[in-house]
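Open the model in your viewer and keep the selection panel at hand.

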Amino acid sequence: MHFLRKKEIKILVAIIFLTVFLGFNVYSANKDSDKLRVSFFDVGQGDGIFIQTPDGIDILIDGGPDKTILEKLSSVMPFYDKHIDYLIITHEHEDHLRGAIEVMDRYQIDKIYYNESSDGSGPYSIIFKDIIQERATLIEVNDLEIIDLGEDKELKIYSFAQSLAGRSNINNTSLMTKLSFEGSSFLFMADIESDLEKHILEQDLELKTDIIKISHHGSNNSNSSDFLAEVNPEIAVILVGLDNDFGHPSRRVIKRLEREDVEIYRTDLDGDIKIVLDSKDYLVKTTKNH
Ligand SMILES: [Zn+2]
């Protein structure tokens, strides 16, 4: 009887081992882990964007308005992986910052890039700094920070808060991020408004980009025709909550993109939007169809 029990335990252990092992392999195969993956999560009204490079570097841009980001991260990361290399907090509005604080509580993060609001009196600035000072290296972006991701791959984080346009409006303290990856590019606009877009156009920056994360949830105070013309994207992604109180995205912004034949994806209708870069081709996967 005793012997049988031992044998049963051995079989059980073998079954568990095989299940976990096979499960893990299926998981890896499904996750395109040898490619660049950019996930635009449906976190309601807010931004939460996760970049995973083939070399295993994880970058989170904003965390959305609440804990939703945690289940979203679990859906694209192995269960044992609680490490994120870089967190970029574009600005201190709740729909970008609150979820990021939840992430800081549960994940080990190496470096956090942020930009203080123009006068430093924003509602979360003090809590935010207290939390992160203990847990990660804090990097305040004053002009430009570059994260080297290997040969022909980099992430540029721009701050324009020192410019005239950035002084009176927290949206305009937003960090703009550009990911260049082996000839392909993504531009993440956070909530930058059109007066700052105008200022950005006056700088000598390479703005042409394949995929743009449309600014400020598709607001008409952002995403000017001039700016979009300069970026000249193939794909536009709008992170926006279904039936939100702000009327985002603006019909005019959608029309502007349609006129230029830009392919549009939006989290309120498409759910999570995952773009996988496969030798210069983009594979777009969504969790809802519309
Ligand atoms: Zn926002």
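In what order do the seven strands of the open sheet with β7 to β13 lie? They follow β7-β8-β9-β10-β11-β12-β13, and the pairing is mixed. Before you select anything, note that this is a predicted model, in which local features need pLDDT of at least 70, side-chain atom pairs count only at pLDDT 80 or more, and totals for chains, interfaces and linings use all residues. Residues are numbered from 1 along each chain as its sequence is written.

**Stop 1: the seven-strand sheet**

Select β7 (144–148) and β13 (263–266). These stand at the edges, each with a single partner strand, so one side of each has no neighbour in the sheet. From one strand to the next, the twist averages 15 degrees. Axes here are lines fitted to C-alpha atoms, for helices over the stretch in contact, and angles run from 0 to 180 degrees between N-to-C directions. Strands (E, at least two residues) and helices (H or I, at least four) are DSSP runs, numbered from the N terminus. Two strands pair if DSSP finds at least two bridges between them.

Pick L144; its bridge partner in β8 is Y158. β7 and β8 form a hairpin with four residues between them. In that turn, G150 has a positive phi of about 115 degrees.

Move on to strand β9 (residues 176–181). Six bridges join β8 to β9, again antiparallel. Which residue of β9 is the bridge partner of I157? It is T177. T177 also stands opposite F188 in β10. Strand β10 (residues 184–188) runs antiparallel to β9, with five bridges between them.

**Stop 2: the eight-strand sheet**

This open sheet has the order β6-β5-β4-β3-β2-β1-β14-β15, with mixed pairing. Its edges are β6 (137–140) and β15; each has a single partner strand, so one side of each lacks a neighbour in the sheet. The twist averages 15 degrees from one strand to the next.

Select strand β1 (residues 36–40) and strand β2 (residues 49–52). They run antiparallel, joined by four bridges. Click R37 and look across to Q52 in β2, which stands opposite.

Then select strand β14 (residues 273–278) and strand β15 (residues 281–286). They pair in the antiparallel sense over six bridges. V276 stands opposite L283 in β15. The two strands form a hairpin with two residues between them. S279 in the turn has a positive phi of about 30 degrees.

**Stop 3**

Select helix α3 (residues 94–106). At 1.5 Å a residue, its 13 residues should span 18 Å, and the end C-alpha atoms are 18 Å apart, which agrees. The expected span is 1.5 Å times one less than the number of residues. Buried residues of α3 include L97, A100, V103 and M104. Buried means that 20 or more other C-beta atoms, placed from the backbone, lie within 10 Å of the residue's own; 12 or fewer means exposed, and in between partly exposed.

The axes of α2 and α3 come within 8 Å and cross at roughly 60 degrees. The two helices are therefore oblique to each other. Angles under 35 degrees count as roughly parallel, over 145 as roughly antiparallel, 65 to 115 as roughly perpendicular and the rest as oblique.
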